[in-house]
Amino acid sequence: MKDYILKNGKVFNSEKKYFEKKDIFVKDGKIVRMDMDIQQSDVLSIDLEDAIVAPGLIDMHTHIYPLCGMTEDTLPMIDGEAHMFQNGVTTAVDAGSCGCKDFFDFKNRFIDKSKLRILAFINIAHGGMVSLASELEPDNFYVEIAAAIAKEVPEVVGVKTAHYHVGKPFDQEHPAWASVDAAVKAGEIAGKPVMADVQPYLPGRPYEELVLERLRPGDIHTHVYAQQFHILDENNKMKQFMLDARARGTIFDLGHGAGSFWFRNAIPAYEQWFYPDTLSTDLYLHNVNGPAFGLLNIMSKYLNIGMPIEEVLYRTTARPAEVIGHTELGKLEVGMEADIAVLKLHEGKFGFADSGNARMDGKYKLECILTVRNGELVYNPMAYGMPDWKNAPESYHIAPGVIQL
């Protein structure tokens, strides 16, 4: 279908964070009209029955390029189009899977060919996460090349640093902040943000220094609620340096993953109004069947932690778009590509797991019932727009190979 009207939905305004009753007229892949009760007799109407009509969701931390020797056959199992579209995600941001060594293979085979919009942070290490050993040695940090790619390739939104020198003593050849400093330098050259995944275990690399000094305002620390980050004091109160870091402009991304989200950190933090700027999955092969599952699971967790639905949607639409410098995304406006997530909010008895295998009970759960990417109905489990089988065209009722006399 090229032309249709989405009717009777609760349209989410992601910039002002409220819902409004509007219809959306999609023509040739674009939103051409948003108004109350649009009537167009020659255009198909799809009744969404008070469902949430949101901008296509943005998952700001994923891993799409095959990691650590995995074959490309793993893609549909993890961050491929099917899984993302089933979660209402129309834009996925790969968080540093590739450095300069593999980036253009990633672009040619995945970014340029996918219906899913794929953006990326480029890894400061030339081998990225395709070869994790590459992230361990400062000689592999190609600052100028990473910066040039980040600056010139439109799909690159920033520079990633991760996994450098974990659990090993620092020495002259391996300074504590070598990876972070290299990524920040590349980010400065390119004029793009840095996303940092840093282990703070050893003396000489304290977490406070990362978020207060090493990262710039607008740079991102991901995995903020992982078990290794002591963001709470002995009385379960937010440490002052976290509040200071937020005030100076450090961005905090959820980055759930297999081992980076713990209720014991996230819930007390939220109760003290320290919330994640962006909700994201860090999705890859080893967490797609839990505990991350997909972006809707992360969003549902935060609904049950207490975050209003308007904030949950904001932090998966307009806010990540702003953080990555793509403010043309994450909103619904006339003239834009029709990237739309239609969601149902269910009430019942549900359970949710964190990365430490602990459970949280909840009564809310989000489900995607329609995903539109560039006007195309790419995920349509409710069969919207299809004729009832009894009234389907004549060709539907004819078996292949049957000769009609």
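## Helix and sheet packing

The crossing of H3 and H4 is right-handed, that is, the near helix is turned clockwise from the far one by less than a right angle. The model is predicted, with local features requiring pLDDT of at least 70 and side-chain atom pairs pLDDT 80 or more, while totals for chains, interfaces and linings use all residues. Residues are numbered from 1 along each chain as its sequence is written, and side-chain values use heavy atoms, without hydrogens and water.

Helices (H or I, at least four residues) and strands (E, at least two) are DSSP runs numbered from the N terminus. H3 (residues 143-152) and H4 (residues 178-190) pack at about 40°, their axes 8 Å apart; angles run from 0 to 180 degrees between N-to-C directions, and axes are lines fitted to C-alpha atoms, for helices over the stretch in contact. Val143, Ala147, Ala150 and Lys151 of H3 meet residues of H4 including Ala182 and Ile189, contact meaning heavy atoms within 4.5 Å.

An open sheet is formed by seven strands in the order E6-E7-E8-E9-E10-E11-E12, with parallel pairing; strands pair if DSSP finds at least two bridges between them. The twist averages 25° from one strand to the next. Three bridges join E11 (residues 220-222) to E12, where Phe252 is the bridge partner of His221.

| Helix | Strands | Angle |
|---|---|---|
| H4 | E9 (156-162), E10 (194-197) | about 165° with E9 |
| H8 (residues 295-305) | E6, E7 (89-95) | about 100° to E6 |
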